[in-house]
Amino acid sequence: MEPSSSSSRRSRPRGSDPPSPTIRRLLCLLLFVLQTCIRPAPAVSAAAASPSPYLVGVGSYDITGPAADVNMMGYANAEQVASGIHFRLKARAFIVAEPEPEPGGTGKRAVFVNLDACMASQLVTVKVLERLKARYGDLYNEKNVAISGIHTHAGPGGYLQYVVYIVTSLGFVRQSFDVIVNGIEQSIVQAHSNLRPGKIYVNKGELLDAGVNRSPSAYLNNPADERSKYQYNVDKEMTLIKFVDGEIGPIGSFNWFATHGTSMSRTNSLISGDNKGAAARFMEDWAEQNVIPKQAVHVSSGHPRRVSALIPEPNEITDDDLIRLASSYKASGGRQISGSSIATRIRSTEQNKLKFVFAFCQSNCGDVSPNVLGAFCTDTNRPCDFNHSTCNGQNELCYGRGPGYPDEFESTRIIGNRQFLKAVDLFHSASEEIQGSVDYRHTYLDFSQLEVNVSASTGGQHPTVKTCPAAMGFAFAAGTTDGPGAFDFKQGDVKGNPFWRLVRDVIRPPGTEQVKCQAPKPILLDTGEMKVPYDWAPAILPIQIIRIGQLVILCVPGEFTTMAGRRLRDAVRNVLTNSGQFDNNVHVVLAGLTNTYSQYVTTFEEYQIQRYEGASTLYGPHTLSAYIQEFQKLATAMVTNKEVPTNLQPPDLLNRQIGLLPGVIVDDTPPGVTFGDVRSDVPANSTFRKGSVVNATFYSACPRNDLLTDGTFALVEKLDGGSDWVPVYDDDDWSLRFKWSRPLPVSPMSFATLEWTVPEDAPSGVYRLRHFGASKPLIGSINYFTGTSSAFVAR
């Protein structure tokens, strides 16, 4: 007798016999085969799902450039010259690879690198790819490697190859260039070495208070029906991907969110990753305590860096006891050391420690400011003129205000913290697993003469128009509310000024065709046609799509405005979903400032207003239409599994670069003084409460002598066990600032001030400040030195 079942209990037609077990098995087998053969192909969420996980790897490396004498990249302010470090800059890389393919298979991988730098550089990208080819052959190349900048305006310049971007840095700065190239390479090497089976999750959510539109009058020129589709005039959505190692657990995360790296102002001189770099610091510190397994954090000796809360409070010791103990440790005086010992001292506690990598990447930030309180006149405290961002006709008086106004460091912390908190929320709640293939498409295009098919709605009078050779308008020189320009330039200028037209014509008068092509932009600098001593602006640009399952990253070499980014994402999304290979849950993100830099991209309508962003849209009013057209081609090629041939290559201008920044000639100290000696000590027998600021100044030398990559110029040490000094904070920490100065502009003498704000979670105890540096004699090799302040108590 067969087992009872619901099917066997159902009534059968009279006169029929049940099929035999053999026949039933054959029928089931036939039904299974038919279902398998005719089952429709699912959308991307399962199209390429594999029983094997991805291979995922993350890595990061120091890219902090010269902390002295070098102009900062972003504001084009010749007076903004680096003179110290707020916190260090990093290159952060992640690699996603399909599992090792079967024989004859085509397992692919992709690399995304996020830089604490203003933007990517074509020359940097070229040289990184050359190094990767020397290491790995064809495994990593221009098609599957993307290098993107966070757009901090507080990093050293001089690492781009086109003249217009290195004028204020006195040309090319080899130190800036080399440290970035090396750091990118090392971050990728780490990620490659750490590749392990793992999973990726995606999540997204709104962050409402980290950006405002700084050119709302231009945004309002977009069609009303288009604007009505969106609740805000900037994108508020953060998209986050989370990497989970199959054995260890979470190992990192990257996210994309649009807001400018301009919380630090144009007067700041400390190297800083601005709000996105700060958010990454906060997230990585948080991960060390809350995400990474504790057995991977602790090491055999020493304290983990930037996790001082793990150091126990010595509650049994009184204030008097601590003061007496501190008073026995006086300033050490300067002494020479081995250069290699600096990094060893600082990083020794990181041996065998799991590295968690978190990056806050940039998106379509072109018209998005972190100065969320709005733009105000410095003389009246009233809002600036809406259309031109002027105050009584002057742009120099109109400044945006961050949430910590008037403290730019506090504004940076607040905007960074808001992004960090949102990322933590998305990280915790990420549950949608990324599944599907890894793929990519890449091509080079000559944006100075692209033919573009446009419709009347995008400003075309004819079905085909062309982009133009690069040019910058008068409103470019007006700057923005994040960093106003000078003289009598103003945003929204579609006429220009007779005096500056005369100056322009002395440099390079634009031709009739160029004027017509760029209209209504009044051309201030015809950069695309300026070739002396070499190219002033790029013409050949890369565009790239990277796909990881249902996540699609559009890598663009510029700053798209909010609406420009929306149009591009929507156009690509339509291609993907209409192909049948992706469902409506495809996540399309825009990665700005990637692989090279070509300034801004506005919509056709925003271009007509000629605010700063429109004046900085190099290739004319149809630039966005060109991008949309060419990205649609890339997306179509990807879904149809076709290659995208290109006969173009960007120029490699390294051997033509000119650098006018003089090198360090010599460092010196007063008679009887040694490098590392204290010039101004902490007060004797002093106690500092949480939130107090501790200072000490040392006789120092120029930081350009050695960047101390992966080391530090500044250190806070804590007395541990009554005899051992252990490092607890360095110049990569938010709480410790390294400030460098000279008494006179050409003086060989210089000073280093270490400024530590005692964190609220710093354990009570005895501390001291230590300075590291490298000095250059008139003849001979670099000498390394160190010195410490007197000890003090922090409670």
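Which residue in β23 does T443 stand opposite? In this predicted model, the residue facing T443 is I543 of β23. The strand β23 covers residues 540-548 and is joined to β18 by nine bridges, the two strands running antiparallel. Both belong to an open sheet of four strands, ordered β18-β23-β24-β26, in which the pairing is mixed. Strands β18 (438-446) and β26 (587-591) form the edges, each pairing on one side only. On average, and with direction ignored, neighbouring strands of the sheet are turned by 15° against each other.

Helix α18 packs on this sheet, where it touches β18, β23 and β24 (551-555). The direction of α18 makes about 40° with that of β23. The helix has 17 residues, and the distance from its first C-alpha to its last is 25 Å, close to the 24 Å expected at 1.5 Å a residue. Of the 17 residues of α18, 14 are buried, so the helix is largely enclosed by the rest of the structure. After α18 comes N641, which has a positive phi, near 60°.

The largest nonpolar core of the model contains 133 residues. Within this core, the residues with the most contacts are I184, L576, F631 and W756. Helix α18 (residues 623-639) supplies the largest share of the core, namely nine residues. With residues up to four places away in sequence left out, F631 touches I543, Q544, I545, L554, C555, V556, L568 and V572.

The relative accessible area of V164 is 18%. Because the limit for a buried residue is under 20%, V164 is classed as buried. Leaving aside residues up to four places away in sequence, V164 touches M472, T527 and W536. The separation between V164 and D535 is 371 residues in sequence, whereas their C-alpha atoms are 8.6 Å apart in space.

Note on methods
Residues numbered from 1 in each chain as written. Predicted model: local features only at pLDDT ≥ 70, side-chain atom pairs only at ≥ 80, totals over all residues. Heavy atoms only, no water. Core = buried A, V, L, I, M, F, W, Y, C linked by side-chain atoms within 4.5 Å. Buried < 20%, exposed > 50% of the residue type's maximum accessible area, 1.4 Å probe, protein only. Contact = heavy atoms within 4.5 Å. Expected span 1.5 Å × (residues − 1). Pairing = 2+ DSSP bridges. Axes fitted to C-alpha atoms, helices over the stretch in contact; angles between N-to-C directions.
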